[in-house]
Each structure stands twice: as C-alpha cells, then as structure tokens.
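Hi,

Here is the structure I promised to pass on. My notes on it follow below.

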Amino acid sequence: DQIIIGIITGVVVAILLGLWKVIHDHADANKIIAFLKNSEATTDNTFRSNHAISSDTNLSEDRVRKLCSKSKKIKRNTKEKESWRLV
C-alpha cells in the first residue's frame, strides 16, 4: 500500500510541476510578445535584441532566447541571431 501511495504521490507532483512550468513559460512568453507589440508600435526597429527584451521584461537573456525560439509567434532575425520580431 505504501509503495502505491508513494508512486501516485510522485506522479501527481510531477504533473503539478510540469503544469507550473507550462503556465510560467506561457506567462513569460506573453511578456515578450507584449514587449514586441509595443516596440513595433513605438519604434522603427523591426527586430529587438535579447538584451532589449531582457531589460524590459526582467527575464534573463537566456530565458528570452529559449522562449523566443520555441514560440510560433516570434521569428529570429537571420542576419543577427540574437534578435527577434513578431511573425
């Protein structure tokens, strides 16, 4: 009985942690998208750098890079690999 309870508890914890990560990633990606939308409307810059996005959203440059590369709404600049824009 204890083994089954332990396994079930482990599975539930893993599911909750996975769900938390998905929600957290989605919220951070929305911050980036909002920044890019605002940037499009207020500047002439088509692409924005990891650094610019990071500074405005308070996310690390590595996190910005990972989330932007995963998003279907964001496209990487082919000439400058560390800059992004909305699709």
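R48 sits in strand β1, which spans residues 48-49 (strands are DSSP E runs of at least two residues, helices H or I runs of at least four, both numbered from the N terminus). This is a predicted model, so to speak of local features we need pLDDT of at least 70, and side-chain atom pairs count only at pLDDT 80 or more, while totals for chains, interfaces and linings use all residues. Residues are numbered from 1 along each chain as its sequence is written, and side-chain values use heavy atoms, with hydrogens and water left out.

Back to R48: it is buried but has no salt bridge, and D56, the nearest side chain of opposite charge, is 7.9 Å away. Buried means under 20% relative accessible area and exposed over 50%, with a 1.4 Å probe and protein chains only; a salt bridge needs a Lys or Arg side-chain nitrogen within 4 Å of an Asp or Glu carboxyl oxygen. Beyond four places in sequence, its contacts (heavy atoms within 4.5 Å) include F35, I53, E82 and W84.

Then there's helix α3 (residues 61-70), where V64, L67 and C68 are buried. They lie on the same side of α3, because their arc around the axis is only 100° (directions from the axis to the C-beta atoms). The face turned away carries exposed S69 and K70.

Overall, the chain has three helices and three strands, in the order α-β-α-α-β-β.

Cheers

Conventions: Lys, Arg positive; Asp, Glu negative; His and termini not counted.
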